[in-house]
Amino acid sequence: MRPTHLAIGEITKPQGVRGEVKIRPITCDVDRFEGLEHVFLKRGDTFEPLNIRVNRIAADAVFANVEGVEDRSAAERLRGEMLYVDRANAVELDEDSNFLVDLIGLKGLTDDGRDLGVLRDVMQPGGNDVYVFRSRQYGEVLVPALVSVVESVDLDAGVMRLIGKRLDEVAVFDED
């Protein structure tokens with residue numbers, strides 16, 4: 001089951017004395033914060049709505065005021081909080097794109113019958129993402145996220161289909 005809310009940033013610290021906070025974006029496009037007015041904080045299994053006003057955006061940080069947070073002490077209490085948006089207010093993706101959180105847990109199957117196990121992580125070293133599958137048979141398998149390798153992604157079926165011939169050329173198998 002796909003999560004109903006997507007993490008977009010983490011409040012890292014207060015900024016100044018008037019309640020402003022610094023947010024570390026965890027999204028590929030920091031401009032997604034432009035005009036953002038509503039976010040959520042996770043409280044157990046529920047999400048609590050929060051109104052914010054984005055003041056400025058830098059390459060690696062967003063500075064915002066949170067409704068009801070008027071001073072540094074109140075802002076300090078938000079340190080470490082993750083900020084979420086609901087799917088209805090998430091950025092629109094291209095047809096062939098997926099949110100990374102939706103890929104975690106997919107089963108990796110090749111067109112030549114191999115089961116690579118479950119996608120456990122997506123590394124983002126710069127350039128191409130790298131999918132990290134884990135199986136009993138192959139151990140950890142590192143697969144570059146290339147169109148020439150990934151045949152299809154079916155979120156409803158929970159399967160990522162990979163082209164076996166190309167996989168053998170570019171993947172790293174760490175057999176136990």
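**Core, strands and pocket**

In the largest nonpolar core there are 22 residues, and I23 and L83 touch the most other members. By nonpolar core I mean a set of buried Ala, Val, Leu, Ile, Met, Phe, Trp, Tyr and Cys residues joined through side-chain atoms within 4.5 Å. Buried is under 20% relative accessible area, exposed is over 50%, and partly exposed is in between, with a 1.4 Å probe and protein chains only. At least two residues of this core come from each of strand 1, strand 2, strand 3 (38-43), strand 4 (46-57), strand 5 (62-66), helix 1 and strand 6. Another core lies apart from it, with 16 residues, among them L119, V122, V141 and L167.

A word on provenance. This is a predicted model, in which local features need pLDDT of at least 70 and side-chain atom pairs count only at pLDDT 80 or more, while totals for chains, interfaces and linings use all residues. Residues are numbered from 1 along each chain as its sequence is written, and side-chain values use heavy atoms, with hydrogens and water left out. Helices (H or I, at least four residues) and strands (E, at least two) are DSSP runs, numbered from the N terminus.

Back to L83. Not counting residues up to four places away in sequence, L83 touches, among others, I8, I23, V39 and L50, where contact means heavy atoms within 4.5 Å.

Next, pairing, which requires that DSSP finds at least two bridges between two strands. Strand 1 pairs antiparallel with strand 6 over five bridges, and A7 has Y84 as its bridge partner there.

What about E81, buried or exposed? E81 counts as buried, because its relative accessibility is 17%. E81 sits in the loop between helix 1 (72-76) and strand 6 (82-86). Beyond its neighbours within four places in sequence, its contacts are G9, E10, I11, L41 and R43.

Last, the largest pocket. Its lining has 33 residues, with L93, S97, N98, F99 and L100 nearest the centre. Strand 1 (5-14), helix 2 (100-103) and strand 11 (150-154) are the elements giving two or more residues to that lining. A pocket here is an open set of points on a 1 Å grid over the protein atoms alone, where a 1.4 Å probe fits, with protein on both sides within 12 Å along at least five of seven lines; lining residues have an atom within 4 Å of a point.
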